[in-house]
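Work through these exercises with the model open beside you. Try each task before reading its solution.

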2 protein chains.
Amino acid sequence: MSAQFEQVSVVKKSNIYFDGKCVSHSIVLADGSKKTLGVIFPSTLTFNTGAPETMEVVGGVCKVKLAGASDWTTYTAGQQFQIGANSHFDIETVETLDYVCHFG
Amino acid sequence: MSAQFEQVSVVKKSNIYFDGKCVSHSIVLADGSKKTLGVIFPSTLTFNTGAPETMEVVGGVCKVKLAGASDWTTYTAGQQFQIGANSHFDIETVETLDYVCHFG
């Protein structure tokens, strides 16, 4: 996992969700793929997906329960998890999380 | 003021200051110049500078008092202010602030 993306466009204005518990910046790669680089502060939140998403954990620790799952799975830096289209997942941020969300 | 930067490198991991009141992502432009894209949640903070900085307000409202100044000046989206090297400034974020910090 590289520590940075190269040759991307990045939107200056942030995306803020859940009253500031989640903050992200949107980027577009040279191949047109869209991603967000974000932070989730300690909290337990439910995210809804439109497009399928891959959540890559860059730093911190979280527990995740995907739609329909009964168990929580822990993810740490270097790990990732996938969410289907038009779905949702619960996430408990144990330590402030740095993530990259890959869409599509 | 363009809404985004093109052809930049962006670091995946965020910079978090003041217990999460300030969150930023670092970028490097094609010409080598370094900037951060960030958010400051409502608070009153004191920032110290190493290199000179230009703070560009992308969204929100803040009041700023530069080192040695006696008055606070209000800045809104599209405005900017400059801080010298090895100095400091007080900033009161009235509404959650989106900013770009230009170094050097």
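## Exercise 1: a bridge between chains

The side chains of B:E56 and A:K12 form a salt bridge, with N and O 2.9 Å apart. This is a predicted model.

Solution. 

Step 1. Look at what else A:K12 faces. A:K12 lies over the face of B:F5, 4.9 Å from the ring centre.

Step 2. Recall the general idea. Side chains of opposite charge can pair when their charged atoms come close.

## Exercise 2: the bridge from B:K12

Task: name the residue that meets B:K12 in a salt bridge, then describe the setting of that residue.

Solution. 

Step 1. Find the partner. B:K12 and A:E56 meet through their side chains in a salt bridge, at 2.9 Å from N to O.

Step 2. A:E56 is found in strand 6 of chain A.

Step 3. Test its burial. The cut-off for buried is under 20% relative accessible area. A:E56 has 7% relative accessibility, so A:E56 counts as buried.

Step 4. List polar contacts of A:E56. One, of 2.7 Å, joins its side chain to that of A:H102. Another, of 2.9 Å, joins the side chains of A:E56 and B:K12.

Step 5. Turn to the ring beside B:K12. B:K12 lies over the face of A:F5, at 4.9 Å from the ring centre.

## Exercise 3: another salt bridge, other surroundings

Task: which residue forms a salt bridge with A:K13, and how far apart are the closest N and O atoms?

Solution. 

Step 1. Identify the pair. A:K13 forms a salt bridge with B:D98. The closest N and O atoms are 3.4 Å apart.

Step 2. Locate both ends. A:K13 lies in the loop between strand 1 and strand 2 of chain A, and B:D98 lies in strand 9 (residues 88-103) of chain B, so the pair joins two chains.

Step 3. Compare the accessibility values. A:K13 is partly exposed, with a relative accessible area of 43%. B:D98 counts as buried, at 3% relative accessibility.

## Exercise 4: a bridge inside chain B

Task: where in chain B do B:K65 and B:D90 lie, and how many residues apart in sequence are the parts that they tie together?

Solution. 

Step 1. Confirm the bridge. B:K65 and B:D90 form a salt bridge, with the closest N and O atoms 3.8 Å apart.

Step 2. B:K65 is in strand 6 of chain B and B:D90 is in strand 9 of chain B, so the pair ties together parts that are 25 residues apart in sequence.

Step 3. B:D90 counts as buried, at 18% relative accessibility.

## Exercise 5: the interface as a whole

Task: describe the interface of chain A and chain B by its contacts, its buried area and its strands.

Solution. 

Step 1. Count the contacting residues. 28 residues of chain A are in contact with 28 residues of chain B.

Step 2. Give the area. The two chains bury about 2,400 Å² between them, 62% of it on carbon and sulfur atoms.

Step 3. Count the polar links. The interface of chain A and chain B has 4 salt bridges. It also has 18 residue pairs in polar contact.

Step 4. Name the strands. On the side of chain A that touches chain B, strands 1, 3, 4, 6 and 9 of chain A each supply at least two residues. Strand 1 of chain A gives the most, with 8 residues.

## Exercise 6: rings

Task: how many aromatic pairs are there over all chains? Then follow the rings from B:Y75.

Solution. 

Step 1. Take the count. There are 8 aromatic pairs over all chains.

Step 2. Start at B:Y75. The rings of B:Y75 and B:F81 have centres 4.8 Å apart and planes at 35 degrees, so the pair is tilted.

Step 3. Go on to B:F89. The rings of B:F81 and B:F89 have centres 5.6 Å apart and planes at 75 degrees, so this pair is edge-to-face.

Step 4. Check burial. B:Y75 is buried at 15%, B:F81 is buried at 3%, and B:F89 counts as buried at 1%.

Methods: Residues numbered from 1 in each chain as written. Chains lettered and ligands numbered in written order. Predicted model: local features only at pLDDT ≥ 70, side-chain atom pairs only at ≥ 80, totals over all residues. Heavy atoms only, no water. Phe/Tyr/Trp six-rings, centres within 6.5 Å; stacked < 30°, edge-to-face > 60°. Buried < 20%, exposed > 50% of the residue type's maximum accessible area, 1.4 Å probe, protein only. Lys NZ or Arg CZ within 6 Å of the ring centre and 35° of its normal. Contact = heavy atoms within 4.5 Å. Buried area = accessible area lost by both parts, 1.4 Å probe. Polar contact = N/O pair within 3.5 Å; in protein donor to acceptor, adjacent residues only side chain to side chain. Helix = DSSP H or I, 4+ residues; strand = E, 2+ residues; numbered from the N terminus.
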